[in-house]
Amino acid sequence: MSKKIQAIRGMNDLLPKDSAFWLSLEKTIFDLFISYSYQNIRTPIVEKTDTFSRAIGGATDIVEKEMYSWRESGGESLSLRPEGTAGCVRMMIEHNLPREGIQKVFYQGAMFRHERPQKGRYRQFHQVGLEVFGATNVKADAELIMVMRALWQALGLKNIVLEINTLGSSEARAAYKKVLVAYFNQRKDRLDEGSLRRLNTNPLRILDSKNKAMQSLISNAPKLMDYLDKESAQHFEQFKTYLDALDIAYVVNTSLVRGLDYYNRTVFEWTTTDLGAQGTICAGGRYDGLVEKMGGIPTPAVGLAIGLERLVLLLEAQNLMTVESTLSIYLVALGEKAQIKSMQIASTLHDTLPNAILYNDITLGNSKNQFKRADKAKAHFALILGEEELNNNQVSIKPLKGQGAQQTMDLEEAIKYFKESK
Ligand code: ATP
Ligand code: MG
């Protein structure tokens, strides 16, 4: 035997047994987003590396060490997308969409980051994201939060906390950066290696460190909140007014800075203590300068992304991985004539019971084998077609979940029976 082929570490398969839940989760999410008047977009998985490095920023974990990049034979560097916003902004600009007024969109799909794989952290993972272009008004920020609250409620999630902060304007951040660098410089001995590096390149990111040993150093650091420009401070106050009016609970976390460079003003994360270190399931914020920085007309924007794997892990931890049960029928067919007839019946059933799941028997085994398959498929009913049923132009229905006895009837009656079954 040849050596078994294996997937790449940190890149996972979705197995048939798990996919029903993923599909229903995605449907819940997409339907909700559509109901809030967001439209779906799809952008390529591969873009020019420049798209990501310009958008996300050079001194970020993603661009520094997490991107899968390679050089085309022509010489251009390309990358697998590590996140969805950069491609979305590139698309907006390329198609002149911001000129047409406010754009509200959502995307979904695989993202790639070269990280150390562990629970809740993978090299290929999936995000669903929302973006709003063209609105400076804090109402857009609040609407994003409102959509997510609706989603967490629809899923029944508990123990998740909304953390918010504001990063102010780039001028305010520049002033604050100086103060922060001075603070850390005086306490250099308490910084870890990564933070020492960040001190020169991206000092705000030190606040985002997950190093437990540095937490008191971080919580005692000067607060950006105290260096805010007037407009950003107002924007943040209005944001909180909206959340209060909507009865949405939050905590202000002044060290929340987010890992990407493009944010300004509002930033937020939903975190949980149920998932260990990988506790952020959804994160986002405002990025008013990005469209212009990427070559578009000045366009304010705000967005968020959910990490689907983490959301699923959380739903699993909270015992919320339920899939609504759909009527399912296994068509047991005994003998060649019955095999053909059962396909005709299946076709009729698909027309009349469009949401039902039908299992055509393709084992062509004996009755015992076919019933075994039906049990394995967890079908609610077996629809049996034997010689006798064929001769009388009837079918037999056998409930497989212990709801009553086997009955023989016309196909029309059978359809009625299935429609009434719950
Ligand atoms: P973290 O701080 O956990 O590395 P991040 O700030 O890098 O997260 P974002 O870029 O904001 O994450 O991505 C949004 C969401 O996508 C995260 O909150 C998380 O749920 C999910 N996510 C990010 N990286 C991964 C990964 N490697 N594997 C699985 N999910 C991820
Ligand atoms: Mg990260």
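Predicted model: local features only at pLDDT ≥ 70, side-chain atom pairs only at ≥ 80, totals over all residues.
At what angle do helix H1 and helix H11 pack, and how far apart are their axes?

**First stop: helices H1 and H11**

Select residues 16-35, which form helix H1, together with residues 308-317, which form helix H11. The two helices pack at an angle of about 110 degrees, and their axes are 12 Å apart. Angles of 65 to 115 degrees count as roughly perpendicular, and H1 and H11 are therefore roughly perpendicular to each other.

Next, display the side chains where the helices meet. On the H1 side, select Phe21, Trp22, Leu25, Glu26 and Ile29. Their counterparts in H11 are Leu308, Glu309, Leu311, Val312 and Leu315. By class, this contact comprises eight nonpolar and two charged residues, with no polar ones.

**Second stop: the surroundings of ligand 1**

Now select ligand 1 and display the residues around it. The shell consists of 16 residues, and the closest are Arg113, Glu115, Arg121, Lys210 and Arg258. Six residues of the shell are nonpolar, four are polar and six are charged.

To see which strands contribute, colour strand S6 (124-133), strand S10 (280-286) and strand S11 (301-307); each of them supplies at least two residues of the shell. Strand S10 gives the most, with three residues.

- Select Tyr122: one of its polar backbone atoms is 2.9 Å from a nitrogen atom of ligand 1.
- Select Gly307: a backbone N or O atom of this residue lies 3.5 Å from an oxygen atom of ligand 1.
- Select Arg310: here a polar side-chain atom lies 3.1 Å from an oxygen atom of ligand 1.

How much of ligand 1 does the protein bury? Taken alone, ligand 1 exposes 590 Å², and the protein buries 92% of that.

**Last stop: helices H2 and H4**

Finally, select helix H2 (residues 49-56) and helix H4 (residues 85-94). Their axes come within 9 Å and cross at roughly 105 degrees, which makes H2 roughly perpendicular to H4.

To examine the contact, display Thr51, Phe52 and Ala55 of H2 with Ala86, Gly87 and Arg90 of H4. The residues of this contact divide into three nonpolar, two polar and one charged.

Notes: Residues numbered from 1 in each chain as written. Chains lettered and ligands numbered in written order. Heavy atoms only, no water. Near = heavy atom within 4 Å. Polar contact = N/O pair within 3.5 Å; in protein donor to acceptor, adjacent residues only side chain to side chain. Areas by Shrake-Rupley, 256 points an atom, 1.4 Å probe, with all protein chains shown as cover. Helix = DSSP H or I, 4+ residues; strand = E, 2+ residues; numbered from the N terminus. Nonpolar A, V, L, I, M, F, W, Y, C, P; charged D, E, K, R; others polar. Axes fitted to C-alpha atoms, helices over the stretch in contact; angles between N-to-C directions. Parallel < 35°, antiparallel > 145°, perpendicular 65-115°, else oblique. Contact = heavy atoms within 4.5 Å.
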